[in-house]
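Here's a quick tour of one model, with the cut-offs spelled out as they come up. Have the viewer open while you read.

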Amino acid sequence: MALDPILAIVPMIVEYTFVPVKRHLSYAFNCGSKVEKLKNQVENLKNQRDGLKPHVDEATRRGDEIYANVQNWLTSVDEAIGEADDLVDEEQARESCFLGLIPNLKKRYKLSKKVEKKAQTVAELREKGKFDPDRIACRPPLWQIVPPSVYNNEELHSRISILEKVMNALRDPAFNMIGVYGLGGVGKTTLAKEVRRKAIEDKLFDVVLMGTVSETPELRKIQGTFADMLGLELKEETEEGRACRLRQRLLQEKKILVILDDIWEQLEPEKLGIPFGNDHKGCKIFLTSRREDILSRDMGTQESFELRVLSEAEAWSLFVTVVGDVTNQDLRSIATEVAKKCAGLPVLIVTVAGALKNRDLNEWNVALEELSKVDNEGIQSKVYATLKLSYNHLASEELKSFFLLCAQIAQSDIQIGDLLLYSMGLDLLRSKDTVEYARNRVYKLVRDLKASCLLLDGDRNGSLKMHDVVRDTALDIASKSQHPFTFRDVVETKEWPNRDFRSCSRIALPSCEIHELPERLSAQN
């Protein structure tokens, strides 16, 4: 009787002893089937990955930004596939014991556990990877081109002082609209770019937008520039609809700075889609104009700063920065006089210095004589004479014609493709045997004009632009030599111009909405 309790628990002891052994043996002997199952799962995962990748590649080519969860999934899939392949290789290289007759049950048990765990990981990845191909990426905001500061020259005291005043006003909660005014070519656009650079560097605002208004505002283009900077797609057809879309987007930001360069007349921010005043207390606007009354009376700025011409010392410092070495005493005395003739206007100083860089003494003397002829005339005559000097020093007729072409299409950013198309069509290039050669020639001419400071980098990557003072002078030169006809004061040309075209060699109609040409061009059409 005493042994009965012991005998009663013997089956239980045997069961609890051998059940784990049976489970382990099951894992060991089923390892092969588990590996086959894993291989099938991995193959399905590869197909799922390979089906998504073309959509990812296409989105990347478009410049879209792939969502982080998609990128992380692809990375995890590659890692899981690599690890699964290693397990398959390990199973195929089986180790046996007892003269190779009996499998190594311990190692196959451990491998079976790893395979089972990896199969679970693969299954989870397949479930997580059910992405909609149309929702794997988004269009990121454009990287704004923020060039290095041009105010690093410590001699430009007046510019540094104005910049500090503007930035202090932007930091002041009491101001939401401020402006800078001054002569054309005095450096207002350069200052506006410095304000943008400083605002971005100091992280004063969540969003910094900058657009050029000009004498003939093109609201759609300005709205498009803002949308590009925000990574926003505007599908609306009307300016009003686009303005509403921009406004909705900007209301999502807490602190906004909008820079509107070259204001010529009253412009309501709401027409562009800028939420301002009571609509958005965190939005500030910085304006530049040639006239103070446009800023204070028409736009309602709370503070306006005058940007004056450079002092003689500042002008000389800027001139030397561009022209380079003037240590030769004879050259230095002439260069000093030439710099004075530029009337303290940075646009003239930079272009003249660029035109005379590395020139011999005789050319410097000729330049000084030409500039001296307009000493007693007004500032506009001096501007024209100074820029005409730079034009005259261009190396070839080809480059001069190309410069005048740039002026005719420079109402907004200039695209290299347009320059290539027009210069080939107008037969301006020295040789155009192939399109590739013509394209290389256009790039060479662009570099030459940049070196002469007559052409600038545009606000968008790869684009170009021309200072409005330079453009006006170029169009005046063209009107006397090539006799082109170019609209300067119409935003959208909807009717054929009523004028005498008999003396014109070419006609440029930017923003043209004319759908058909007249049958013939007559004296008054």
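## Strand 8, covered on both sides

Both faces of strand 8 are covered: Cys 283, Ile 285, Leu 287 and Ser 289 are buried on one side, and Lys 284, Phe 286 and Thr 288 are buried on the other. Counted up, 7 of the 7 residues in strand 8 are buried. Buried here means under 20% relative accessible area, exposed means over 50%, and partly exposed is in between (1.4 Å probe, protein chains only). Strands (E, at least two residues) and helices (H or I, at least four) are DSSP runs numbered from the N terminus.

A word on the ground rules: this is a predicted model, so local features need pLDDT of at least 70 and side-chain atom pairs count only at pLDDT 80 or more, while totals for chains, interfaces and linings use all residues. Residues are numbered from 1 along each chain as its sequence is written, and side-chain values use heavy atoms, with hydrogens and water left out.

## The sheet around it

Two strands pair if DSSP finds at least two bridges between them.

Strand 5 (residues 177-181) pairs with strand 8 (residues 283-289) over 5 bridges, in the parallel sense. Ile 178 has Phe 286 as its bridge partner, and Gly 179 stands opposite Leu 287. Strand 7 (residues 256-263) also pairs with strand 8 in the parallel sense, over 6 bridges; there, Ile 263 is partnered with Ser 289.

## Helix 16 and the cysteines

Gln 408 lies in helix 16 (residues 397-408). Gln 408 is buried, at 4% relative accessible area. Its C-alpha is 7.9 Å from that of Arg 471, although Gln 408 and Arg 471 are 63 residues apart in sequence.

How many disulfides are there? The count is 0, using cysteine sulfur atoms within 2.5 Å as the test. Cys 406 is buried, with a relative accessible area of 0%, whereas Cys 138 is partly exposed at 29%.
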